[in-house]
Amino acid sequence: MSEQLWASDSDFAAALAETAKLTDAAINKLIPVPTGLEARVFEAMRYAALAPGKRLRPFLVLAGAQLFSVARRSALQVACAIELVHAYSLVHDDLPAMDNSDLRRGLPTCHKAFDEATAVLAGDGLLTMAFEILAQADTHGDPAVRCELVSTLALAAGAQGMVGGQMIDLLAEHRPDLDIGAITRLQRMKTGALIAFACEAGAILGKAPQELRLALRGYAHDLGLAFQIADDLLDVEGTAGVTGKPVGADAAAGKATFVSILGVERARAQADLLVRQAVAHLDPFEARAELLRQAARFVVDRNA
Ligand code: GRG
């Protein structure tokens with residue numbers, strides 16, 4: 001970034017904590033509560049977006065942007081946009097029509113804290129606001145870059161990406177026969193596409209050469225799958241007190257997951273292999289990508 005946010009030998013945990021502070025302060029400003037009756041939907045949006053999550057996707061945006069000396073303000077705009085899309089997906093995923101979950105990030109889910117209709121609207125408001133933020137002049141001086149951010153995030157979040165993956169995931173509850181190829185495709189769409197956008201956004205903002213963009217795409221691909229395997233392992237081995245969400249849901253629903261197909265040991269070995277592959281994609285960035293290397297390790301070692 002024009003002012004470097006982190007030195008290349010920085011500690012990942014500290015950088016993630018700083019990302020959370022920066023992102024939350026920016027989201028706090030981006031979602032003000034108006035005085036009219038519509039205030040309720042803004043309150044629900046703030047409740048969902050500012051609940052204590054890890055802010056991993058914003059971190060990936062900021063760390064990726066730093067590789068291309070992108071201005072901090074631009075990177076932070078994109079970091080907020082992706083976190084709002086992520087927050088929307090969690091609000092809608094928790095609804096009774098989908099996962100029917102009462103607990104998220106250690107708090108009552110949005111529809112429990114408010115009501116179902118408000119939670120649907122809060123998700124809609126968060127998703128729409130993400131694109132409003134990307135279109136703002138603050139995001140990048142070049143309108144072509146802003147357009148590319150909008151269309152790339154739309155593809156990642158829409159029916160060819162996260163929404164399509166969620167559709168397959170809902171159907172997968174009744175398809176315990178799905179094989180590893182089908183589960184991999186589902187997860188690449190459901191969680192991988194948004195993580196890939198987070199990893200590539202810095203390259204878009206920095207108008208990076210294609211080969212460096214492809215290196216980040218390779219990193220993102222392996223990171224996204226490793227992230228999902230870790231999530232499946234947490235569903236089997238974690239506790240709600242630590243993860244902040246109910247566990248055991250996949251097995252209870254009879255869902256095919258990486259862990260149900262591979263078993264715990266092979267799933268963990270696969271996640272470790274994916275992390276090594278992800279890290280290898282970062283070679284062209286040499287020491288400058290050290291934080292992204294640490295992030296890959298964190299993704300499989302996390303307990304929440
Ligand atoms: C409703 C369109 C729509 C999509 C929902 C992402 C998603 C699709 C559902 C979330 C369900 C889930 C638990 C997926 C596993 C991977 C995942 C996205 C975990 C949550 O992300 P973290 O761990 O959460 O980054 P925090 O709370 O730390 O931000």
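**Exercise 1.** State how much space lies in the largest pocket and which residues lie nearest its centre.

*Solution.* Step 1: the space in the largest pocket is about 1200 Å³, a volume being the space filled by probe spheres set on grid points joined across faces, edges and corners. A pocket is an open set of points on a 1 Å grid over the protein atoms alone, where a 1.4 Å probe fits, with protein on both sides within 12 Å along at least five of seven lines; lining residues have an atom within 4 Å of a point. This is a predicted model: local features need pLDDT of at least 70, side-chain atom pairs count only at pLDDT 80 or more, and totals for chains, interfaces and linings use all residues. Residues are numbered from 1 along each chain as its sequence is written, and side-chain values use heavy atoms, without hydrogens and water.

Step 1: 49 residues line the largest pocket, and Leu 90, Asp 93, Arg 104, Asp 231 and Lys 245 lie nearest its centre.

**Exercise 2.** Describe helix 4, one supplier of that lining.

Step 1: helix 4 covers residues 72-93 and reaches 31 Å from first to last C-alpha, close to the expected 32 Å, which is 1.5 Å times one less than its number of residues.

Step 2: 20 of the 22 residues of helix 4 are buried (under 20% relative accessible area, 1.4 Å probe, protein chains only).

**Exercise 3.** Find which helix gives the largest share of the second largest pocket's lining.

*Solution.* Step 1: the second largest pocket holds about 430 Å³ and has 18 lining residues.

Step 1: helix 9 gives the largest share, 9 residues.

Definitions and conventions. Helices (H or I, at least four residues) and strands (E, at least two) are DSSP runs, numbered from the N terminus. Buried means under 20% relative accessible area, exposed over 50%, partly exposed in between (1.4 Å probe, protein chains only).
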